[in-house]
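Q: I would like to learn how to read the features of a protein model, going from the overall fold to single residues. Could you take me through them step by step?

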Amino acid sequence: MPPKHPTAAKIPVSKLNKTSDTPILLEPNAEKRSAIAEDLGALGLKKLRFDGEILPEGKKGWKLQASLGATVVQACIVTLEPVTTRIDTKVTRSFVPEHLIDLPEPGSETEIPDEDEIDVLGEEIDVEAVMIEALSLALPTYPRKDGAEMETAQFSAEGVTPMRDEDTRPFAGLASLREKMQKDGDEG
């Protein structure tokens, strides 16, 4: 298989091959990776590769299938130290003309379909936007450095007993009531 050449971030639909796949390859340079990392709230993006193809789907649609590979650095939610995560995931998107997508009437109480892999087909397919969206969805929500533990923090006004996690549990009040009733029963 011949090596793939980097493709444009946006590909005009008119340039896609209607009978076979159109290869795609995005490997942003360090400057672009830095900008993407900043937009995603990450500390850094060491590697980023989006490799796949766009295939004709039906008579009027297109399907993008790609592999996303990235090495991202985020701040640990406990220590704020850098945490490096490797991401390898498959990405699939279908691009369909708007008139072929079943959307509910505006203002109706019908729920929007849960099909998040379908996008409206426009004049071009924004491969870079698909890559960045897939990366943002694959990022760890709460990156944590190995062994990092949350310490208990208690905050309250002076002279007020601070609330503990145990106090917020639904049956915590019932447990203290039961203890009080048992204590009262023992005394009487």
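What follows is a dialogue on this predicted model, taken feature by feature.

Q: Let us begin with the overall fold: how many helices and strands are there in the protein chain, and in what order do the elements run?

A: The protein chain has 3 helices and 7 strands, and from the N terminus on they follow one another as β-β-α-β-β-β-β-β-α-α.

Q: How should I read helix H1, and which of its residues are buried?

A: An α-helix has 3.6 residues a turn, so residues three or four places apart point the same way. In H1, which spans residues 30–40, the buried residues are Arg33, Ile36 and Ala37. These cover an arc of only 100° around the axis, and therefore lie on the same side of H1. On the other side of the helix, Glu31, Glu38 and Asp39 are exposed.

Q: Against what do the buried residues of H1 pack, and what is found at the start of the helix and just after it?

A: The buried residues of H1 pack against strand S3 (44–57) and helix H2 (127–138). At the start of H1, Asn29 brings a side-chain oxygen to within 3.2 Å of the backbone nitrogen of Glu31, and just after the helix Gly41 adopts a positive phi of about 75°.

Q: Which residues have the most contacts inside the largest nonpolar core?

A: In soluble globular proteins, nonpolar side chains tend to be buried together. Here the largest nonpolar core has 29 residues, and those with the most contacts inside it are Phe50, Ile54, Leu64, Ile125, Val127 and Leu135. At least two residues of this core come from each of strand S2 (22–26), H1, S3, strand S4 (61–75), S5 and H2, with the largest share, 6 residues, supplied by S4. Leaving out residues up to four places away in sequence, Phe50 touches a set of residues that includes Ile24, Leu64, Val91, Val127 and Met131.

Q: Is Thr85 buried or exposed?

A: Thr85, which lies in strand S5 (residues 82–96), has a relative accessible area of 19% and therefore counts as buried, the cut-off being under 20%. Apart from neighbours within four places in sequence, Thr85 is in contact with Ala70, Thr71, Val72, Gln74 and Pro140.

Definitions and conventions. Residues are numbered from 1 along each chain as its sequence is written. This is a predicted model: local features need pLDDT of at least 70, side-chain atom pairs count only at pLDDT 80 or more; totals for chains, interfaces and linings use all residues. Side-chain values use heavy atoms; hydrogens and water are left out. Buried means under 20% relative accessible area, exposed over 50%, partly exposed in between (1.4 Å probe, protein chains only). Helices (H or I, at least four residues) and strands (E, at least two) are DSSP runs, numbered from the N terminus. The arc is that of the directions from the helix axis to the C-beta atoms. Contact means heavy atoms within 4.5 Å. A polar contact is a pair of N or O atoms within 3.5 Å; within protein, one must be able to donate a hydrogen and the other to accept it, and residues adjacent in sequence count only if both atoms are side-chain atoms. A nonpolar core is a set of buried Ala, Val, Leu, Ile, Met, Phe, Trp, Tyr and Cys residues joined through side-chain atoms within 4.5 Å.
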